[in-house]
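Subject: Structure handover

Hi,

Here is the structure for your files. My notes follow below it.

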Amino acid sequence: MWRFPALLLGALLLSCGSPGEDPDDNGNGNGNGNGNGDPDPVAGPVVLVWDGVSISPPGGVYNRKNITIRSVTELAWLSAATNGDVDVVDNTFEGYTFTLSNDLDLNNKEWTPIALATNKLLAAVFDGAGHSISNLKITEYDGNYGVALFGRANEIKNLRVASGQVTGSLAAGVCVNAYGSVTSCSNGANIRGVQAAGVAFSSECKVADSYNTGSIVCVADESGDTPLGAGVALFADSVVRCYNAGSVTATGTEHNPALVAGVIYSANSLIFSCYNTAQVGGVWVAMAGGVCAKAETSHTAVTGHCSILACYNTGVVQAENYAGGIAGYVSGCPVKACYNTGAVYCSDGPESAYAGGIAGRYTDIDRQVLMQSCYNTGSVSGKINGGICGHHERLYQTAIVSCYWLKWPSPSASSGVGSFEFSPPPHLADTPEFSSSAWPSAQEWSEWGIGDGSGSGKYWKTLGNSTTPTYPKLFFE
C-alpha cells in the first residue's frame, strides 16, 4: 500500500479555493471545507496516464455530494482516502456519487485497491459512465485481503476494467466485495489467484448486465483454501444478463481439487439470461459447469430458492467428478429453458464421475423441482454420462421433462440420463433424442413458449426445425 509524504498531502489539501469559497472553513454558510478547517480543493489539471505516485483531490470533494473524477490522479486520491492515507472526516463517502468523465490509464503501475481492508468501505455510488480503466496492475500485494480495482464497495455501475493483471490469494477485476449492486460492468484484465473471478469476487446483491473477457486462473497453494474460479462472480444473490468469454482454468491437487464455472461458481437465487462461450476446466478439477458450478438451495431456506432460467453454454467443460454443460451439480433448483452445445467430459476419475449435457448431477432436497424444456447437442463423455444428466438422484419429486439431446458416436452418451439413484416413472424422466419425429413444441410444455423472456415460459426466440436441422434459440440471441 502506498504512503504519501505529509507535505505533499498538505499541499494538496490546502489548494486555493475558487472565488466565493470560505477559505478558513468557519461554518458561516459560505464555506466548502471538510470540517477540519481545510478549504474545498479546486480540481487540478486533467491527467489521463498515471505515474504511479501522484494524487490530487477532485474539485469540491469536501462539500458537494456529486463528484466528477476527471483524472487518474483523482482516482488514486480516492484510493488513498478510503484507505486512511488522506485526512478526511468520513473516508467511506457515504451518500456520495463519484462519476468518471474520462478513460483512464493506470499505466501498469502497482495499484492499491480502493477501500482495501475488511474494515474499509466505499459506501458511495461509483458510476463509470461507460468509461474504462486500462492497464490495472496488482501483483505485489501478499496480504489477507482480496484485491481488485475496488476492495469493498456499495454500488458500482457502467465501468469497464479494459486490461491488466491482478494477482492475489483472492482476486477479481472490478470489485472484491459489493454490498449494493454491480451493474453494467466488465473485466478484460487477466486474473490469477487461489480463488478468482472476472467482475466481482463476492456480491451480496445482484450482478446484472456484466461480462468478462479476461482469462481466469485459480491455483491451489499451501493455504489449503479450495481453488475456485468463475468468469463473472464467485458468489452472488443473483446474476442476470451476464456472460463470460474468457477461459476459466484451474490447477487443484488430489486432496484439494478445484471448482470452476463459466459465469458464477455458486448462487442461491436467480441465474437468468446468462451464457458462457469459453473453456472451463483444468487439472484436478472436481466440479465444473458452463454457467454455474454448484446451484444449491438449503432445505432450511424459506426465500431465495435458486433457479437457472434461459441460459446457455457453447464452451468445453471438463472435470473429474461432476461436469455439466450448464451446471456441474444441482440440488433443489429448477433448471428451465437452457441449452448446451459444448463438449462435456469427465476424465478418468472415480466411479462417481458424472457428465451431463445440462447437469452432471441433479437432485432435490424436500420439494418438487423440475429440469424442463432444455436441450443438448454437444458430445458428452465420462464413466457415467447422459445426454441431459449424468446422474439423476430422485429423492422426492425431482423430474426431468421435455429435455432433448443429440446422440453422438460412442463413447459419447447413449441415453438421456446416465444413472438413477431411484428409477422414476417414465413421465418423470422424459429425455427424447432429437429426430424428425421428436422436436420441441410450444404446445408440449409451457416452458417452450415463444416470447421476450418477460413472462414465465416465454423464453425462446425460435424452436428451429428438424429438417435442416436448426436448433432452438433463446429470446436474447
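Pro 469 sits in the loop between β45 (458-462) and β46 (473-474). Strands here are DSSP runs of E, at least two residues, numbered from the N terminus. The peptide bond from Thr 468 to Pro 469 is cis, with omega near -10°.

Some ground rules. This is a predicted model, where local features need pLDDT of at least 70, side-chain atom pairs count only at pLDDT 80 or more, and totals for chains, interfaces and linings use all residues. Residues are numbered from 1 along each chain as its sequence is written, and side-chain values use heavy atoms, with hydrogens and water left out.

Asn 108, with phi of about 55°, lies in the loop between β3 (104-105) and β4 (122-134). Asn 108 is partly exposed, at 41% relative accessible area. Ser 402 has phi near 55° and falls in the loop between β41 (399-401) and β42 (404-405). Ser 402 is buried, at 0% relative accessibility. (Buried is under 20% relative accessible area, exposed over 50%, partly exposed in between, with a 1.4 Å probe and protein chains only.)

Now the pocket. (On a 1 Å grid over the protein atoms alone, a pocket is an open set of points where a 1.4 Å probe fits, with protein on both sides within 12 Å along at least five of seven lines; lining residues have an atom within 4 Å of a point.) Twelve residues line the largest pocket, and Val 61, Tyr 62, Val 89, Asp 90 and Tyr 96 lie nearest its centre.

Best wishes

Technical notes
Helix = DSSP H or I, 4+ residues; strand = E, 2+ residues; numbered from the N terminus.
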